[in-house]
Structure formats: C-alpha cells, structure tokens
Amino acid sequence: MAWVTQNIEMISHTHFRKGRSQRHRRYLTLSIVACLFFTVAYGYSAPAPIRVLLITGGCCHDYAKQKDILKKGIEERANIVIDQVHTDDTSTKPPLAILGNPDYAKGYDLVIHDECAADISEPAKVEGVLKPHRDGIPAVNLHCAMHCYRIGKPEDPVTPGTPHGYWFEYLGLQSSGHGPQEPIAIHFTDSKGAIANGLSDWTTIKEEHYNNIHVFEGAHEIARGTQAVKNRDGSVKTNDYVAAWSNLYGPKKTRVFSTTIGHNNATVEDTRYLDLVTRGVLWATGHLTEDGTPAKGYGPGGK
C-alpha cells in the first residue's frame with residue numbers, strides 16, 4: 001500500500017493550495033483515499049473460479065471415493081470449483097442424471113467425464129451427452145470414460161460421421177479394452193507442451209493399460225505408457241500405448257483432454273496424477289500458460 005500513500009501525498013501537494021479550508025482539504029483527502037481503495041480492491045480481486053461439472057458412477061470402480069479425491073485434489077491446485085453428478089449404481093448402464101438432458105452442462109466452463117457406462121449405446125442418448133461439447137464446452141475424460149457410450153463393436157474400425165464413431169471421434173482415440181493390472185511406466189513425449197511442461201515421468205502401481213485401436217488425426221499425444229505383461233507361456237509382452245492426449249473436437253474445435261490412467265484409488269490420489277488432470281482442466285479452459293503454470297488468478301486460492 002506504500003504506492004497509495006505516495007499518490008495521496010502527490011495529489012495533496014498539487015491540489016491543496018494555500019487558502020483552502022481545513023474542512024475542504026479533509027474532504028478531498030477522504031475522497032482520494034476512497035477512490036484509490038476501490039481501484040486497488042477492484043484491480044487485485046481474484047477472477048471467478050472455473051466452474052466444473054464432475055460426472056461419476058457406473059461399473060467397476062470406487063467412484064464413491066474417487067469423486068471426492070478428484071474434487072479435493074483439483075480444487076487445491078487451482079482456482080476451480082467442482083460440482084458433482086454421481087450415482088452409486090455399479091452397472092454398465094448407470095442411470096446418470098445427465099442422460100436425456102442435452103443442456104446438462106449449462107452454466108459450466110468444463111465437464112469431467114469419469115463415468116463407466118459401456119452399455120449406454122442409444123445414439124440419441126450419446127448425442128445428448130456430446131451436445132455441450134459440440135457446442136463448445138471443453139471436457140476432460142478419465143480412464144473408463146474411454147469405454148463409455150459404445151455404439152457397435154468397440155474393436156471395429158470407425159467410419160467418421162457414423163454413430164459407431166460418435167464417442168471415439170470426440171475423444172480423439174479409439175480404445176476397446178485392457179489387459180491385466182500391472183505397473184505402467186508413464187513417459188511424457190510432449191515434455192515441452194504446456195500440459196506436460198516440467199512434469200516428471202513416473203511408474204504407476206498395478207493399473208489397467210488401455211489399448212489403442214486408432215488415434216485420430218486431430219489428436220495430439222502427450223504421454224505414452226509401457227507395461228510388461230506375462231503371457232501364459234511365460235514370455236513377456238510389452239504394451240506401448242498412448243496414455244494421455246489432447247483433441248480438438250467438432251466444428252468449434254472444442255478442447256478435450258483425456259488420460260486412460262486412473263483405475264485404482266491410490267493412482268487417483270497420487271499427486272502426479274492430480275497434477276496432470278488439473279493441468280488438463282486448465283489447458284482445456286484456456287487458463288494454462290506455456291510453462292505449465294496456471295494463468296494469473298487461476299492458481300491455488302486465486303493466485
């Protein structure tokens with residue numbers, strides 16, 4: 001506040017000429033202080049937080065705990081507020097509240113898809129889930145979101161523009177399954193890009209490694225994962241797949257970030273995982289600088 005005092009003194013010497021009444025000088029001083037105070041308060045107030053909708057529920061994962069791990073971890077890392085849409089249903093067709101409501105993301109800056117809904121395959125429902133993203137609302141997709149909303153056989157090659165390709169084209173990558181849980185060595189192949197800049201390679205605990213049937217032209221690889229898996233005959237096979245990437249989706253080039261990592265709670269709460277996901281959110285919403293740090297006002301606590 002020292003510069004405020006200096007400005008008051010400067011203005012006082014300029015305008016408080018000899019002969020002015022003490023009352024007038026006091027009034028002018030208070031006016032100057034009030035104006036400078038509101039200027040400082042307005043100029044340094046933190047911007048509104050990024051509003052995120054987190055969708056969880058469905059088969060095969062501990063979403064009841066992971067939804068809270070994600071909310072806490074991401075909100076601690078950036079000026080983000082997360083609302084949750086969750087169901088405890090553990091089937092492959094969970095009754096998610098977003099289904100049948102193409103305006104489910106209205107008022108949000110980004111949607112995190114962390115649901116596991118492999119057998120929700122009605123084209124109208126899938127298009128309803130995709131509509132906000134076609135309209136320009138960014139997204140982040142985690143783990144089993146890659147195996148959601150599958151129309152047709154997931155291993156069949158995609159014909160662009162057909163219902164079979166709706167979800168895969170949005171993701172930018174087609175995956176159909178995974179092998180046994182074994183550690184995955186994560187290597188950032190785009191270490192100079194904003195999302196991965198400064199992040200270190202690491203090896204996960206035993207995790208599911210999703211295959212790559214097809215990587216679409218608009219997708220941009222950020223990290224790969226390699227996983228050694230023993231075959232029945234004792235030989236070892238190394239699975240080498242894209243594990244994190246970005247995509248520009250639809251006519252509005254909506255920003256979409258995805259990672260296939262994140263099956264187990266210990267991985268989801270890993271600081272390295274949460275750092276990566278948070279950067280994905282910031283990048284997708286346009287609040288990540290080239291050096292990988294949050295834009296001004298979007299760091300922890302609005303810094």
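The charged end of Arg 134 sits over the ring of Tyr 166, at 5.3 Å from the ring centre. Such a placement requires NZ of Lys or CZ of Arg within 6 Å of the ring centre and within 35 degrees of the ring normal. A further case is Arg 51, whose charged end sits over the ring of Tyr 108, 4.6 Å from its centre. The model is predicted, with local features needing pLDDT of at least 70 and side-chain atom pairs counting only at pLDDT 80 or more, while totals for chains, interfaces and linings use all residues. Residues are numbered from 1 along each chain as its sequence is written, and side-chain values use heavy atoms, leaving out hydrogens and water.

Turning to ring pairs, a search of the whole structure finds 4 aromatic pairs. In the pair of Trp 167 and Tyr 170, the centres are 4.6 Å apart and the planes stand at 45°, so the pair is tilted. Rings of Phe, Tyr and Trp (its six-membered ring) pair if their centres lie within 6.5 Å; planes under 30 degrees apart are stacked, those over 60 are edge-to-face, and the rest are tilted. Trp 167 and Tyr 170 both belong to helix α5 (residues 166-171), 3 residues apart, about one turn of the helix. Both residues are buried, meaning under 20% relative accessible area, with exposed over 50% and partly exposed in between (1.4 Å probe, protein chains only).

Tyr 170 also pairs edge-to-face with Tyr 249, at 5.3 Å centre to centre and 85° between the planes. This pair links distant parts of the chain, joining Tyr 170 in helix α5 to Tyr 249 in strand β10 (residues 236-249), 79 residues apart. Helices (H or I, at least four residues) and strands (E, at least two) are DSSP runs, numbered from the N terminus. Tyr 170 and Tyr 249 are both buried. Ring pairs link Tyr 149, Trp 167, Tyr 170 and Tyr 249 into a cluster.
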